[in-house]
Amino acid sequence: MFFELAAPSWGPEEAEAAKAVIDSGFYTMGPQVKAFEEEFAAYHGVKHGIMVNSGSSANLVAVAALAYKAERPLQRGDEVIVPVISWATTYHPLQQYGLKLRFVDIDLQTLNMDVSQLEQALTPKTKAIVAVSILGNPAAMDVIRAYADQHGLYLLEDNCESMDAELNGKKTGTFGHLNTFSFFFSHHISTMEGGMILTDDTELAHLCRSLRAHGWTRDLPDDSPVFQKQGNEFFEAYRFVLPGYNVRPLEIEAAIGRQQLKKLPGFTAQRRKNLALFQELFAKDDRFIIQRENGKSSSFCFTIILNPAKGMDRDTVFAALKEADIGFRIITGGNFLRHDVIKHYDYDIVGGAAPNGDMAHDRGFFVGNHPFDLTEQITRLRDVLDKVCR
């Protein structure tokens with residue numbers, strides 16, 4: 001395809017790292033995972049990194065950890081504030097732990113949570129907020145963290161789409177009590193599958209380590225706040241303290257991740273060069289609503305919403321993009337309220353509706369961005385859209 005939605009970012013270094021793991025004969029979670037956790041946490045200036053098998057699992061384990069805190073755990077029936085646009089597995093763990101979701105509409109310009117609705121979203125049952133930086137563009141994390149602290153709420157930052165983005169000089173994925181990342185094929189770095197949880201809270205870190213591997217104590221130090229060691233070493237080796245999962249990563253994924261992490265600053269710099277060209281070609285054209293940058297975007301992709309005032313038909317636009325061999329897709333997961341699965345949720349909508357989420361769902365799409373020069377592809381995108389939207 002001329003302009004792909006996703007593209008590989010591996011070089012010979014990743015292949016050599018993978019081969020070294022295969023040659024070692026040791027494949028499950030081990031020293032490569034530990035090293036990657038430490039390097040990824042250090043890159044973000046956070047104390048603890050816990051690698052798992054996907055960003056979705058990172059969200060699941062993070063929510064579970066909050067449910068098993070010794071003090072003020074999340075409990076069934078508690079309310080959590082969430083944006084209407086994100087990926088499905090931002091929401092599913094909340095539902096699976098019996099939490100009620102309070103959906104907040106997005107800001108149409110940034111595609112992130114409309115923080116002007118936060119006070120309206122708060123009720124006596126509100127215990128947490130999930131903040132999502134959509135497609136590389138930092139949400140108002142400074143405002144959201146201050147709001148969470150003011151009201152004694154847990155903040156889970158889902159940063160799976162926005163690795164290496166920054167707000168006020170601080171990297172996204174560092175504002176929350178727990179912060180999650182994804183290393184899926186199309187994301188900023190790729191380990192095939194994989195995810196990470198970052199936290200400065202030792203209790204939460206130890207809960208996450210236990211939960212990712214059966215709920216046992218094997219990966220925890222003797223002085224862990226999660227359990228008290230008993231005297232029987234035979235029993236301690238297989239002692240279960242939490243109803244956990246098996247979402248462990250592989251050594252080969254971590255070895256590849258270590259190589260990808262070295263390249264991340266260069267990847268982000270190239271993505272931002274592509275973003276600058278996209279902004280130059282589209283920002284002043286009122287036929288198109290493009291994502292307004294908040295802070296320093298790591299530019300997962302390029303979003304476009306067709307201005308309803310201009311009367312353009314999205315299906316016609318899609319046909320032109322297909323003809324030009326340009327890939328496109330829905331913005332993240334679209335308005336989550338519009339999916340069939342919502343019937344399984346306990347939820348309400350702040351203000352009773354989400355018109356901006358609907359606008360992005362019905363009139364929006366995105367095309368890819370990659371860590372290599374896309375001048376030719378972005379220029380053709382501009383030409384195709386300019387012609388079909390006249």
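Colleague: Which residues of α1 meet which residues of α9?

Modeller: From α1 come E13, E14, A17, A18, V21 and I22. They meet E251, I252, A255, I256, Q259, Q260 and K263 in α9. Contact means heavy atoms within 4.5 Å. Helices (H or I, at least four residues) and strands (E, at least two) are DSSP runs, numbered from the N terminus. This is a predicted model: local features need pLDDT of at least 70, side-chain atom pairs count only at pLDDT 80 or more, and totals for chains, interfaces and linings use all residues. Residues are numbered from 1 along each chain as its sequence is written, and side-chain values use heavy atoms, with hydrogens and water left out.

Colleague: At what angle do α1 and α9 pack?

Modeller: Axes are lines fitted to C-alpha atoms, for helices over the stretch in contact, and angles run from 0 to 180 degrees between N-to-C directions. Helix α1, residues 12-24, packs on α9 at about 155 degrees, with the axes 8 Å apart. The two are therefore roughly antiparallel (over 145 degrees; under 35 is roughly parallel, 65 to 115 roughly perpendicular, the rest oblique).

Colleague: What is the hand of that crossing of α1 and α9?

Modeller: A crossing is left-handed if the near helix is turned anticlockwise from the far one by less than a right angle, and right-handed if clockwise. α1 passes α9 in a right-handed crossing. By class, this contact has 7 nonpolar, 2 polar and 4 charged residues. Nonpolar covers Ala, Val, Leu, Ile, Met, Phe, Trp, Tyr, Cys and Pro; charged covers Asp, Glu, Lys and Arg; the others, Gly among them, are polar.

Colleague: Now α3. How many degrees separate α3 and α7 where they cross?

Modeller: Roughly 120 degrees, for α3 (residues 55-67) and α7 (residues 202-212), whose axes come within 9 Å. That angle makes α3 oblique to α7. The hand of the crossing is right-handed. V61, A64, A65 and L66 in α3 touch L204, L207, C208, L211 and R212 in α7. The residues of this contact divide into 8 nonpolar, no polar and 1 charged.

Colleague: And at what angle do α3 and α4 pack?

Modeller: About 30 degrees, with axes 9 Å apart. That makes α3 roughly parallel to α4. Their crossing, too, is right-handed. On the α3 side sit S56, N59, L60 and V63, which meet T89, T90, P93, L94 and Q96 in α4. The classes here are 4 nonpolar, 5 polar and no charged.

Colleague: On to open space. What volume lies in the largest pocket?

Modeller: The search runs on a 1 Å grid over the protein atoms alone. A pocket is an open set of points with protein on both sides within 12 Å along at least five of seven lines, a cavity is a set where a 1.4 Å probe fits but cannot get out, and lining residues have an atom within 4 Å of a point. Points are joined across faces, edges and corners, and a volume is the space filled by probe spheres set on them. The largest pocket holds about 450 Å³. Of its 25 lining residues, W87, E161, S182, F184 and H187 are the closest to the centre. α3 and α4 (88-96) are the elements that give two or more residues to this lining. The largest share, 3 residues, comes from α3. The lining divides into 9 nonpolar, 12 polar and 4 charged.

Colleague: Which residues lie nearest the centre of the second largest pocket?

Modeller: K34, E37, R209, R212 and D219, out of 13 lining residues. About 270 Å³ lies in this pocket. α2 (31-44), β1 (48-52) and α7 each supply at least two residues, and α2 gives the most, with 5. By class the lining has 3 nonpolar, 3 polar and 7 charged residues. R212 also belongs to the contact of α7 with α3.

Colleague: How many cavities of 30 Å³ or more are there?

Modeller: There are 2. α9 (251-282) and β11 (301-306) each supply at least two. The classes are 6 nonpolar, 6 polar and 2 charged.

Colleague: And what lines the second largest cavity?

Modeller: The lining includes L5, A6, A7, S9, H187, R271 and F300. About 70 Å³ lies inside. The lining residues divide into 5 nonpolar, 6 polar and 1 charged.
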